[in-house]
Amino acid sequence: HESGVTNTVDPVAGAWAMEVTTEAGGTTTPSMTLVQAGTALTGQYSSETLGDAEITGTVEGCRVTISYTADLQGQAAPVLYVATVDASGVMTGTIDIAGGLATGTFTARRAGE
């Protein structure tokens with residue numbers, strides 16, 4: 001573990017503007033607000049397509065994992081984001097909805113940047 005690596009992404013707390021692209025839904029622009037306590041993340045996810053949800057996750061170095069349960073037409077669907085945060089603070093990674101039902105990619109930037 002190189003010293004200084006965690007400083008580039010710590011904390012990831014705060015508001016993030018996201019751009020998510022999936023085969024099923026095209027490109028959407030949800031947002032999330034993260035609260036960080038050590039390596040644990042909690043927060044809120046807000047999306048026009050999937051609604052609002054409580055999120056949980058972890059941060060390990062520059063790797064971020066976020067999950068929540070979406071309501072897909074009345075069915076609970078687990079959503080998993082796995083990302084890395086680069087030196088400029090941009091989060092990029094993949095999204096998996098309901099264990100592969102829909103997959104895609106996303107980018108997240110600090111809101112207001």
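Among the contacts in the protein with a separation of 6 or more, 29% are accounted for by residues 24 or more positions apart, a contact being a case of heavy atoms within 4.5 Å. The model is a predicted one, in which local features need pLDDT of at least 70 and side-chain atom pairs count only at pLDDT 80 or more, while totals for chains, interfaces and linings use all residues. Residues are numbered from 1 along each chain as its sequence is written, and side-chain values use heavy atoms, with hydrogens and water left out.

The protein averages a pLDDT of 88, and 89% of the residues score at least 70, where pLDDT is the predictor's confidence in each residue, from 0 to 100. Over residues 1-9 the pLDDT stays under 50, and for this stretch the model has eight contacts beyond four places in sequence.

The protein has nine strands and zero helices, and its pattern along the sequence reads β-β-β-β-β-β-β-β-β; both kinds of element are DSSP runs numbered from the N terminus, with helices being H or I of at least four residues and strands E of at least two. Of its 113 residues, 35% count as buried, a term that means under 20% relative accessible area, with exposed meaning over 50% and partly exposed in between (1.4 Å probe, protein chains only).

Y68 and Y81 form a stacked pair, at 6.3 Å centre to centre and with 20° between the planes. This pair links distant parts of the chain, since Y68 lies in strand β6 (residues 63-72) and Y81 in strand β7 (residues 75-85), 13 residues apart. Y68 is buried, at a relative accessible area of 4%, and Y81 also counts as buried because its relative accessibility is 1%. The ring of Y81 also pairs with that of F106, and this pair is edge-to-face because the centres are 4.7 Å apart and the planes stand at 80°. Because Y81 lies in strand β7 and F106 in strand β9 (residues 102-110), the pair ties together parts 25 residues apart in sequence. Both Y81 and F106 are buried, and ring pairs link Y45, Y68, Y81 and F106 into a cluster.

Strand β4 (residues 40-47) contains S47 and also T42. S47 counts as buried because its relative accessibility is 10%, whereas T42, at 44%, counts as partly exposed. Leaving aside residues up to four places away in sequence, S47 touches P30 and D52, and T42 is in contact with T33, L34, V35, I55 and T56. T42 and A13, which are 29 residues apart in sequence, lie 9.1 Å apart in space, C-alpha to C-alpha.

Strand β4 also contributes to the largest pocket, whose lining draws at least two residues from each of β1 (14-22), β2 (26-28), β4, β6 and β8 (91-97). A pocket here is an open set of points on a 1 Å grid over the protein atoms alone, where a 1.4 Å probe fits, with protein on both sides within 12 Å along at least five of seven lines, and lining residues have an atom within 4 Å of a point. The lining comprises 19 residues, of which T22, G25, L50, L72 and I97 lie nearest the centre of the pocket.

How values were computed. Phe/Tyr/Trp six-rings, centres within 6.5 Å; stacked < 30°, edge-to-face > 60°.
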